[in-house]
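Work through the exercises below with the sequence and the model at hand. Each task is followed by a solution in steps.

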Amino acid sequence: MKKSAANILREYGPFLGAERVNGVTFDGEHVWFASGDKLNALDPASGEVVRSIEVASHAGTAFDGEFLYQIAEDVIHKIDPKTGHILSTIPAPGNGGDSGLAWAEGTLWVGQHRGRRIHQIDPETGKILRTIESNRVVTGVTWVDGQLWHGTWEGDDSDVRRINPETGEVLERLDMPEGTGVSGLESDGGDCFFCGGGGSGKIRAVRRPG
């Protein structure tokens, strides 16, 4: 396994009216982050929040190229970012123990916080299609270039790790500075991860190796 210190490129926040960052996703232009009762669109160039949608947002956030998906306690809402309307709702696999959320291969990938696993689910029904076990608490999930990465956060220790999607084996680990947690994870599709910072109310841009 390759290990290195996370290279933090930029910090955003904290943001007015958003005490927490529970989940993050990227729509190609804006970083959307979940703050408990709102989804907020952050311009990563200016660092400004440009709009918000009032919706329960307790954990992970994802974007499928057109719609947003948001964990709200024990369900996942599909949201039209243009109107802010909830289009459909499915059960979340962890019954409230869900954390990270990502979109890949036409499906949703849902992290289980204490369950230490990642479920691939059908976005229409919520049916679990497969499960990947992890040896750490899962606090964020993202796919980029065929690689599966997830965030962890236990005590003062937090990292972003790349795992084998077939076996769950840890292949690479980026250690965050002590006391800097990851709560929500998304790639920009290139060489950058956006990492939610939980109760710090911050989002950190971290360089993706390679």
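**Exercise 1.** In this predicted model, determine how the residues lining the largest cavity divide into nonpolar, polar and charged.

Solution. Start with the lining: Tyr69, Ile76, His77, Lys78, Ser88, Thr89, Ile90, Leu108 and Pro123. Sorted by class, these residues give five nonpolar, three polar and one charged.

**Exercise 2.** State which residues are the closest to the centre of the largest pocket.

Solution. The largest pocket holds about 240 Å³ of space. Of its 14 lining residues, His58, Ala59, Ser99, His113 and Ser183 are the closest to the centre. The lining by class comprises four nonpolar, seven polar and three charged residues.

**Exercise 3.** Find the partner of Glu11 in a salt bridge and decide whether each of the two is buried, partly exposed or exposed.

Solution. The partner is Arg204, with 2.9 Å between the closest N and O atoms. Glu11 belongs to strand E2 (residues 8-12) and Arg204 to strand E21 (residues 203-207), so the bridge ties together parts 193 residues apart in sequence. Glu11 has 39% relative accessibility and therefore counts as partly exposed. Arg204, at 7%, counts as buried because the limit is under 20%. Glu11 and Arg204 also belong to a salt-bridge network with Lys202.

**Exercise 4.** Classify the exposure of Asp145 and of Arg208.

Solution. These residues form a salt bridge, the closest N and O atoms lying 2.7 Å apart. Asp145 is exposed at 60% relative accessibility, whereas Arg208 is buried at 10%.

Note on methods
Residues numbered from 1 in each chain as written. Predicted model: local features only at pLDDT ≥ 70, side-chain atom pairs only at ≥ 80, totals over all residues. Heavy atoms only, no water. 1 Å grid on protein atoms, 1.4 Å probe; cavity = no way out; pocket = protein on both sides within 12 Å on 5 of 7 lines; lining within 4 Å. Nonpolar A, V, L, I, M, F, W, Y, C, P; charged D, E, K, R; others polar. Points joined across faces, edges and corners; volume = space filled by probe spheres on them. Salt bridge = Lys/Arg side-chain N within 4 Å of Asp/Glu carboxyl O. Helix = DSSP H or I, 4+ residues; strand = E, 2+ residues; numbered from the N terminus. Buried < 20%, exposed > 50% of the residue type's maximum accessible area, 1.4 Å probe, protein only.
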